[in-house]
Amino acid sequence: MSDPVNTPIRSFKRFPILRRWPIGHVPITKLNIVPWLALVVLLLTTYPAIAQDNAKRLVALLDYLGSDYKNAVQGGKILSPDEYGEMQEFAKRSLDLFTQLKEVDKADKAGVESSLKSLASQVDSKADPKVIAELAKTAKDKLIAAYNIVPYPRRLPSFASGKKIYDENCAQCHGVSGKGDGPGRESMNPKTPPPANFTDPERIGGLSPFKAFNAASFGIEGTAMASFAALSEEQRWQVAFYILSLRFSEDAAKSGTQLVKTKKLPPELQTVATLATNSDEQLLEKLKAFGNGSEAMDMLAYLRRGVTKKRRTKKPWTLISMAMI
Ligand code: HEC
């Protein structure tokens with residue numbers, strides 16, 4: 001029996017369409033131009049792509065430095081040698097990435113060299129967390145502007161789509177309810193640090209969906225948290241938003257829904273860009289202007305859980321009925 005996959009194609013006769021294609025009449029020089037053009041297009045598109053990717057990684061590192069350094073150093077004293085080591089590593093790595101970026105662009109396009117250098121030396125001298133956060137933010141904002149990085153998804157992801165991706169890819173380590181207690185943690189390599197507990201405000205108060213999106217895109221070096229670049233960008237955003245909902249109960253989100261209306265929470269606090277780039281701590285600070293401690297907390301529950309639950313993935317029949325209208 002002939003194997004349809006491995007049988008060599010001996011002639012165009014078996015493919016009438018190809019036989020009719022006037023390939024034989026095209027001068028050979030014109031044909032040669034095609035691979036060259038392809039190469040030029042490839043170079044034109046990959047150079048900016050490499051720079052963009054490096055810039056995104058750099059932004060991710062700066063986000064980490066800016067928000068996690070306070071767990072490493074307080075008042076000039078090291079709180080956790082592991083955390084501090086990680087921060088030093090991140091600062092060094094950010095300089096390496098910057099050097100690569102500068103090589104590709106032949107310039108310091110975002111004007112961040114001095115901030116990055118001073119960031120690394122301030123980390124070394126155990127500077128105040130406020131100084132580090134400020135330097136990291138300055139460099140991050142400049143990179144985002146210079147490389148047109150969009151730190152939020154095109155539209156607000158739905159709760160259901162995020163849950164599906166989380167249960168399939170993340171729950172094995174982080175646990176179905178997000179407590180960091182999935183069965184896969186036993187066989188992780190390396191064994192420490194443990195998977196983040198997404199229900200612990202202390203642990204994730206500084207986490208924004210953008211930071212979670214970056215963790216899923218690039219992984220976290222030196223830990224078992226791998227890169228999930230095989231998921232599409234949209235899927236990584238969906239799961240990043242979902243993670244931030246795990247802390248909040250359905251009841252809190254419901255009472256938040258009412259409060260957001262009665263307290264007239266401004267729409268700019270509810271945009272997808274605000275929600276993606278702010279951590280829970282940052283949002284809570286803003287919400288405190290509109291209610292007392294527990295009210296602000298319930299409004300946060302609405303913004304993290306209620307909002308995404310309202311979004312539905314379109315069912316085929318809605319699409320069909322839309323098409324009929
Ligand atoms: C093999 C186990 C494993 C899997 C699977 C896994 N993670 Fe992680 N994850 C970890 C570990 C370990 C850490 C802790 C890293 C650290 O503390 O620096 C972590 C940390 C994180 C953080 C960082 C939280 C912070 O404070 O910055 C995020 C966000 C995260 N994971 C998201 C995900 C998402 C999303 C998925 C699924 C797409 C996923 N993880 C799948 C092991 C895992």
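**Cores and helix packing in a predicted model**

Reader: Which residues touch the most other members of the largest nonpolar core?

Author: The model is a predicted one. Its largest nonpolar core has 40 residues. Those touching the most other members are Ala212, Val239, Ala240, Ile243, Met299 and Leu300.

Reader: Which element gives the largest share of this core?

Author: Two or more residues come from each of α6 (159–169), α9 (209–218), α10 (233–245), α11 (250–262), α12 (272–277), α13 (280–287) and α14 (293–310). The largest share is 8 residues, and the element that gives it is α14.

Reader: Apart from this core lies another; how many residues does it have?

Author: The other core lies apart from the largest one. Among its members are Leu61, Leu101, Val123 and Ala136. Its residue count is 28.

Reader: With which residues is Ile243 in contact, leaving aside its neighbours within four places in sequence?

Author: Ile243 is among the core residues that touch the most other members. With the neighbours within four places left aside, its contacts are Tyr166, Gly178, Phe198 and Ala212.

Reader: Is the crossing of α9 and α10 left-handed or right-handed, and how many nonpolar residues does their contact have?

Author: The crossing is right-handed. From α9 the contact takes Pro209, Ala212, Phe213, Ala216 and Ser217, and from α10 Arg236, Trp237, Val239, Ala240, Phe241, Ile243 and Leu244. By class there is 1 charged residue and 1 polar residue, and the nonpolar count is 10.

Reader: Is α6 roughly parallel or roughly perpendicular to α10?

Author: The axes of α6 and α10 come within 8 Å and cross at roughly 95 degrees. Angles of 65 to 115 degrees count as roughly perpendicular. For α6 and α10 the term is therefore roughly perpendicular.

Reader: How many polar residues does the contact of α6 with α10 have?

Author: On the α6 side the residues are Phe159, Ser161, Gly162, Lys163, Ile165 and Tyr166. They meet Gln235, Gln238, Val239, Phe241, Tyr242, Ile243 and Ser245 in α10. The contact has 7 nonpolar residues and 1 charged residue, and its polar count is 5.

Reader: Are α4 and α5 roughly parallel or roughly antiparallel?

Author: Helix α4 (residues 113–124) and helix α5 (residues 129–146) have axes that come within 9 Å and cross at roughly 160 degrees. α4 passes α5 in a left-handed crossing. Angles over 145 degrees count as roughly antiparallel, and the pair is therefore roughly antiparallel.

Reader: Into which classes do the residues of the contact of α4 with α5 divide?

Author: Ser115, Leu116, Ser118, Leu119, Gln122 and Val123 in α4 meet Val131, Ile132, Leu135, Ala136, Thr138 and Ala139 in α5. Their division by class is 8 nonpolar, 4 polar and no charged.

Reader: Why does Asn71 count as partly exposed?

Author: Asn71 lies in the loop between α2 (28–68) and β1 (73–74). Leaving aside neighbours within four places in sequence, Asn71 is in contact with Leu79, Ser80 and Glu83. A buried residue needs 20 or more C-beta neighbours and an exposed one has 12 or fewer. Asn71 is partly exposed because its count inside 10 Å is 18.

Methods:
Residues numbered from 1 in each chain as written. Predicted model: local features only at pLDDT ≥ 70, side-chain atom pairs only at ≥ 80, totals over all residues. Core = buried A, V, L, I, M, F, W, Y, C linked by C-beta atoms within 7 Å. Helix = DSSP H or I, 4+ residues; strand = E, 2+ residues; numbered from the N terminus. Contact = placed C-beta atoms within 7 Å. Left-handed = near helix turned anticlockwise from the far one by under 90°. Nonpolar A, V, L, I, M, F, W, Y, C, P; charged D, E, K, R; others polar. Axes fitted to C-alpha atoms, helices over the stretch in contact; angles between N-to-C directions. Parallel < 35°, antiparallel > 145°, perpendicular 65-115°, else oblique.
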